[in-house]
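Colleague: I have a model open and would like to talk through its side chains. Can we take it topic by topic?

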Amino acid sequence: MSLRPTSSRRGGRDRDGAWGWLFVSPMVLVLGSFLVLPILMALWVSLLHWDGQSNPFSGQADFVGLDNYRTLFTQDGLDRTLFATALRNNAYYVLLTVPLQTGLALGLALIVNQRMLRGRGPLRTIFFFPSVTSSIAVATVFLFLFQGSGAVNALLSWIGIKGPNWFADPRGVLSLILGGLGVVDPEHPTGLLAEHSVMGLSWFEWLSGPSIAMCTIILLAVWTTSGTFMLIFLAALQDIPRELEETAALEGVNRRQLLRYVTLPALRPVLFLVLTLGLISTWQVFDQVYVMGQGAPGNTTLTPAFLSYSAGFDNADFGQGSAIAFVLLALILVLTGFQRWALRERGVRTGRKR
């Protein structure tokens with residue numbers, strides 16, 4: 001007698017599942033046609049030597065296997081050097097942009113979330129406005145602002161500082177600082193930093209820091225993205241129960257302790273979301289680089305995304321361009337997984353007393 005209700009419930013679940021698949025099937029077909037299939041096609045192209053002028057599935061393109069990947073990692077030459085340079089530039093871009101935009105966004109969210117603050121609505125609009133402005137338009141404006149005779153250098157001259165020619169200065173910031181302290185000679189490095197290399201770049205080139213031109217792009221990225229992340233943090237802050245803050249106030253907790261022990265733990269999932277979105281977008285930076293230099297000066301603003309585009313559309317080597325894209329995809333997945341592990345909830349271990 002107990003088998004009939006169980007069978008009917010199981011049949012009902014099967015029917016619900018069938019109807020569910022029926023309703024989502026249009027979107028599954030769309031995603032499969034315009035997302036999954038192009039990814040698989042690009043993976044196949046990364047194993048070819050293809051100039052984009054023929055059908056990659058017709059046999060007219062040369063199958064080279066993993067040669068495109070070997071060229072990027074193991075074979076000495078210009079391709080590996082450019083790829084290593086792009087990784088170095090983008091790594092500094094990520095290391096500076098993600099913490100700065102996250103910290104600024106959180107700070108702005110805490111400011112505009114204060115209940116006693118007047119004009120919260122206009123302030124939120126002002127802080128968010130750069131995020132809805134075209135990145136190409138903002139990059140063009142930055143080109144004018146940071147010229148050698150632009151507004152930024154004019155403002156610096158008022159306080160007695162001679163500004164650099166921002167977009168034409170390939171010198172690394174860390175190398176300039178170490179050179180100013182007398183630790184190394186940026187023009188003629190010696191010792192271990194110059195004698196050893198990784199992927200065609202010396203240790204000094206890896207550790208010289210972002211160029212002045214790249215720092216300008218970092219400023220642009222932080223200014224244009226902080227508003228979006230501010231709204232995400234603001235929504236999360238308004239979702240924190242007021243009872244927690246009231247209880248902390250009764251316990252005599254000050255603002256700093258409230259931020260550390262109440263607010264930030266409650267924001268952990270949102271913090272992971274913001275860091276993940278920032279990590280993905282910064283490793284995929286393209287439009288600012290395309291407008292503001294295309295790798296110049298001296299390839300110090302070159303990034304893997306732009307290098308992939310240049311390999312395919314400028315050099316007609318779509319195989320290598322696809323290989324760079326998949327290396328970038330693998331790098332993003334690994335870093336996202338590490339970030340998820342680092343920000344995971346850690347349970348408190350308790351042991352039984354005997």
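What follows is a short exchange on salt bridges, cores, aromatic rings and a surface patch.

Modeller: This is a predicted model, where local features need pLDDT of at least 70, side-chain atom pairs count only at pLDDT 80 or more, and totals for chains, interfaces and linings use all residues. Residues are numbered from 1 along each chain as its sequence is written, and side-chain values use heavy atoms, with hydrogens and water left out.

Colleague: How many salt bridges does a search of the whole structure find?

Modeller: A salt bridge here is a side-chain nitrogen of Lys or Arg within 4 Å of a carboxyl oxygen of Asp or Glu. R70 and D67 form one, at 2.5 Å from N to O. The whole-structure search gives three.

Colleague: What separates R70 and D67 along helix α2?

Modeller: Helices are DSSP runs (H or I, at least four residues), numbered from the N terminus. R70 and D67 sit three residues apart in α2, so their separation is about one helical turn.

Colleague: Which residues touch the most other members of the largest nonpolar core?

Modeller: A nonpolar core is a set of buried Ala, Val, Leu, Ile, Met, Phe, Trp, Tyr and Cys residues joined through side-chain atoms within 4.5 Å. The largest one has 39 residues.

Colleague: How do the rings of F313 and F318 pair?

Modeller: Rings of Phe, Tyr and Trp (its six-membered ring) pair if their centres lie within 6.5 Å; planes under 30 degrees apart are stacked, over 60 edge-to-face, the rest tilted. The F313 and F318 centres are 5.3 Å apart, with 75 degrees between the planes. That pair is edge-to-face.

Colleague: Is F313 buried or exposed?

Modeller: F313 belongs to an aromatic cluster that includes W50 and Y290. Its relative accessibility is 59%, so F313 counts as exposed.

Technical notes: Buried means under 20% relative accessible area, exposed over 50%, partly exposed in between (1.4 Å probe, protein chains only). Helices (H or I, at least four residues) and strands (E, at least two) are DSSP runs, numbered from the N terminus.
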